[in-house]
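Reader: Please take me closely through the aromatic side chains of this model, with the cut-offs behind each term.

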Amino acid sequence: MKVTVVGAGTMGNGIAQVFAMGNHEVILNDVYPEALEKAKKTILSSLTRMNGKGLLKDPEDAILSRIKFTGDLSEGKGSDLFIEAVLEKTDLKKQVLKSINTLANENSIIASNTSSISINLLSREVNDPRRFLGIHFFNPPPVMKLIEIVKCSNTSERVVKMTYEMAKSLSKEPVIVEDFPGFVSNRVLMPLIREAILVFEENVASKGDIDKTMKMGMNHPMGPLELADFIGLDVVYDIMQVLFTEFGDVRFKPPVTLRNLVNAGKLGRKTGEGFYKY
């Protein structure tokens, strides 16, 4: 299967790696050459770590050779599957989907990796919404097992079934969800992260003790503030903004502390500082 992934950031390069590990031909596209170069280094580093743990079926160089890093989206023409994995900005995603639409054939499946934006809304940008759906991977895609498959009103059951079987073939665990803001994962997660930030703002406990409470008391593998840093505070902020706009409910409103960290460029692990320093 030929797969084109648009957007070589954290999610895009991880998704590309997953499909290459599954023995698929991958086109990884980004408009920024530096993003593609960084993606190549990130994927190689990930493969090296996984190989050291005995998790790869094929040699690192063989897997990497299945990925073509390119700034030319037309390289993906006629792909069996297109996945949009750019920033969580509605207008940007719409623009990318319009470009993908011109390269897809009548059998191509087109998907968005959005974690919160309406699949029905995005489906307006493709010619045949029956072949459009959400395929929401979790960070980091090569490690995390879950995939949310999100149907729009017009997605055909055949495409849903094909996508479900594809996810299983990649050793992932898919769940099928309807197109509600935040789907399941972020609709549940974002209020948790938001409340943890408010508890920190109100000096109820230190950030370390907030996270320790959730890890040791609720058996979470990561505390909510640690997890927010891992996801990327800019991504968390964008998701909350989408949910707050969609629901108009204060439980999704981004806290001031989160806004200030994002405005200061302290985005979590990827920048070396967020709620914690790395």
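**Aromatic pairs and charges over rings**

Author: The count comes to 3 aromatic pairs, where rings of Phe, Tyr and Trp (its six-membered ring) pair if their centres lie within 6.5 Å, and planes under 30 degrees apart count as stacked, over 60 as edge-to-face and the rest as tilted. The model is predicted, so local features need pLDDT of at least 70 and side-chain atom pairs count only at pLDDT 80 or more, while totals for chains, interfaces and linings use all residues. Residues are numbered from 1 along each chain as its sequence is written, and side-chain values use heavy atoms, leaving out hydrogens and water.

One of the pairs joins Phe-200 and Phe-275, whose ring centres are 6.1 Å apart with planes at 80°, so this pair is edge-to-face. It links distant parts of the chain, since Phe-200 belongs to helix H7 (residues 185–201) whereas Phe-275, 75 residues away, lies in the segment after helix H11 (256–263); helices here are DSSP runs (H or I, at least four residues), numbered from the N terminus. Phe-275 is buried at 4% relative accessible area, whereas Phe-200, at 26%, is partly exposed (buried means under 20%, exposed over 50%, partly exposed in between, with a 1.4 Å probe and protein chains only).

Another pair is formed by Phe-247 and Phe-252, and because their planes meet at 25°, with ring centres 5.1 Å apart, it is stacked. Elsewhere, the charged end of Lys-207 sits over the ring of Tyr-276, at 5.4 Å from its centre.

Conventions
Helices (H or I, at least four residues) and strands (E, at least two) are DSSP runs, numbered from the N terminus. A charge sits over a ring if NZ of Lys or CZ of Arg is within 6 Å of the ring centre and within 35 degrees of the ring normal.
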